[in-house]
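Here is a short note for someone opening this structure for the first time. Please keep the view open while reading the points below.

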Amino acid sequence: MTVHVEPHVVEPDELTCRELVELVTDYLEEMLPSAVLARFEAHLLECDDCPMYIDQLRTTIRLVGRLDEADVSPNARVALLREGRAWRRSRA
Ligand SMILES: [Zn+2]
């Protein structure tokens with residue numbers, strides 16, 4: 001599926017990072033309705049942080065086999081992003 005995203009155009013129904021976090025477990029379980037999935041993936045194309053967040057959740061699932069509520073809380077997301085930024089800096 002191709003998701004076309006106009007740069008610098010804010011769609012009225014564009015997902016925010018916060019909404020994405022609320023949908024992420026359904027996304028990882030492939031439970032999102034296709035209309036929502038399209039918006040979700042459009043956000044991933046535009047956002048620097050969310051794709052990294054999802055990568056880390058996938059890694060967690062691979063290691064642990066499941067996600068805890070704590071792993072997808074907004075606070076956990078902030079902590080993950082902070083770790084990711086430090087990681088990227090350490091490789092720069
Ligand atoms: Zn985002």
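**Notes on the predicted model**

1. Confidence. This is a predicted model. The protein chain has an average pLDDT of 80, and 64% of its residues score at least 70. Helix 2 (residues 34-46) has the highest confidence, with a mean of 95. Helix 4 (residues 74-91) has the lowest, at a mean of 67. Coordinates predicted with low pLDDT should not be read in detail. Please keep that in mind when viewing helix 4, where the confidence is lowest.

2. Overall make-up. The protein chain has four helices and zero strands. From the N terminus, the order of elements is α-α-α-α. Of the 92 residues in the protein chain, 12% are buried. Among contacts with a separation of 6 or more, 67% join residues 24 or more positions apart.

3. Helix 1, length. Start with residues 17-28, which form helix 1. This helix has 12 residues. From first C-alpha to last it reaches 16 Å, close to the 16 Å expected at 1.5 Å a residue.

4. Which residues of helix 1 are buried? They are Leu20, Val21 and Val24. Because they cover an arc of only 105 degrees around the axis, they sit on the same side of helix 1. The face turned away from that buried side carries Arg18 and Glu22, which are exposed.

5. After helix 1. Glu30 follows helix 1. It lies in the loop between helix 1 and helix 2. Is Glu30 buried or exposed? Glu30 counts as exposed because it has 7 C-beta neighbours inside 10 Å, and the cut-off for exposed is 12 or fewer. Its backbone deserves a look too. Most residues other than glycine have a negative phi. Glu30 is not a glycine, yet its phi is positive, at about 55 degrees.

6. Cys50. This residue is found in helix 3 (residues 49-64). Why does Cys50 count as buried? It has 21 other C-beta atoms within 10 Å, and the cut-off for buried is 20 or more. Leaving out residues up to four places away in sequence, Cys50 touches Cys17, Leu20, His43 and Leu44. Leu20 is also one of the buried residues of helix 1.

7. How far apart are the C-alpha atoms of Cys50 and Cys17? The separation is 6.9 Å. Along the chain, Cys50 and Cys17 are 33 residues apart. Cys17 is among the residues that Cys50 touches.

Methods
Residues are numbered from 1 along each chain as its sequence is written. This is a predicted model: local features need pLDDT of at least 70, side-chain atom pairs count only at pLDDT 80 or more; totals for chains, interfaces and linings use all residues. pLDDT is the predictor's confidence in each residue, from 0 to 100. Helices (H or I, at least four residues) and strands (E, at least two) are DSSP runs, numbered from the N terminus. The expected span of a helix is 1.5 Å times one less than its number of residues. The arc is that of the directions from the helix axis to the C-beta atoms. Two residues are in contact if their C-beta atoms, placed from the backbone, lie within 7 Å.
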